[in-house]
Amino acid sequence: MAGVSRAGARGASGSGRGRPGPTLVQIAAATVGAVFLLVGVLGFIPGVTTDYDRLGFAGHASGAQLFGVFQVSVLHNLVHLAFGLAGLVLARTVAWSRLFLVGGSAVYLLLSLYGLVIVHRSEANFLPLNQADDWLHLGLGLGMLGLGLLTTRAPVRP
């Protein structure tokens, strides 16, 4: 509507009872999803991923490193891409956004623990992971848990 202010489009009361914008938890889930998508794409770009010629499909023998620090493989990059897409899709609702952040935090906390207990040069290291990945996954897990809990509130009861 040309000439109608934003407040006017919401009605005289300014209550904003029209379609509300995304909530903080939805923005957080979409942002986390977008970052995972970006990381997944960057893992396939030579230069951003060092030793790109050593990028394996999976396993500890993949010698490629994202930013020269985080060990990656094709499988590891695909997991980042899938996780990113999930974040963007689940950001459509508050409940699904919170599930993505809190559930995803559980996945990353378990992945961090897994990475800390396995021998990195063993067949058990199938993604692959290195020590930098382990600590990053711990931080991601804690950060996503915080976002999932702090950006949503329990309903206020009258």
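Val 117 is part of helix α4. This is a predicted model, so please read the values below as computed ones. Is Val 117 buried or exposed? Its relative accessibility is 62%, and because exposed means over 50%, Val 117 counts as exposed.

Val 117 also belongs to a nonpolar patch on the surface, together with Leu 110, Leu 113, Leu 116 and Trp 135. These residues share about 550 Å² of accessible area. Helix α4, residues 94-117, gives the patch its largest share, with four residues.

The helix has another side to its story. Its buried residues include Phe 100, Leu 101, Tyr 108 and Leu 111, and among the elements that cover the buried residues are α2 (24-42), α3 (74-90) and α5 (131-150). With 24 residues at 1.5 Å each, α4 should span 34 Å, and the 35 Å between its end C-alpha atoms agrees with that.

Beyond its neighbours within four places in sequence, Gln 71 is in contact with residues including His 60, Ser 62, His 76, Asn 125 and Asp 133.

| Side chain | Backbone atom | Distance |
|---|---|---|
| Gln 71, polar atom | His 60, oxygen | 3.0 Å |

Notes:
Residues numbered from 1 in each chain as written. Predicted model: local features only at pLDDT ≥ 70, side-chain atom pairs only at ≥ 80, totals over all residues. Heavy atoms only, no water. Patch = residues over 30% accessible without salt bridge, like charges linked within 9 Å, V, L, I, M, F, W, Y side chains within 5 Å. Areas by Shrake-Rupley, 256 points an atom, 1.4 Å probe, with all protein chains shown as cover. Salt bridge = Lys/Arg side-chain N within 4 Å of Asp/Glu carboxyl O. Helix = DSSP H or I, 4+ residues; strand = E, 2+ residues; numbered from the N terminus. Buried < 20%, exposed > 50% of the residue type's maximum accessible area, 1.4 Å probe, protein only. Polar contact = N/O pair within 3.5 Å; in protein donor to acceptor, adjacent residues only side chain to side chain. Contact = heavy atoms within 4.5 Å. Expected span 1.5 Å × (residues − 1).
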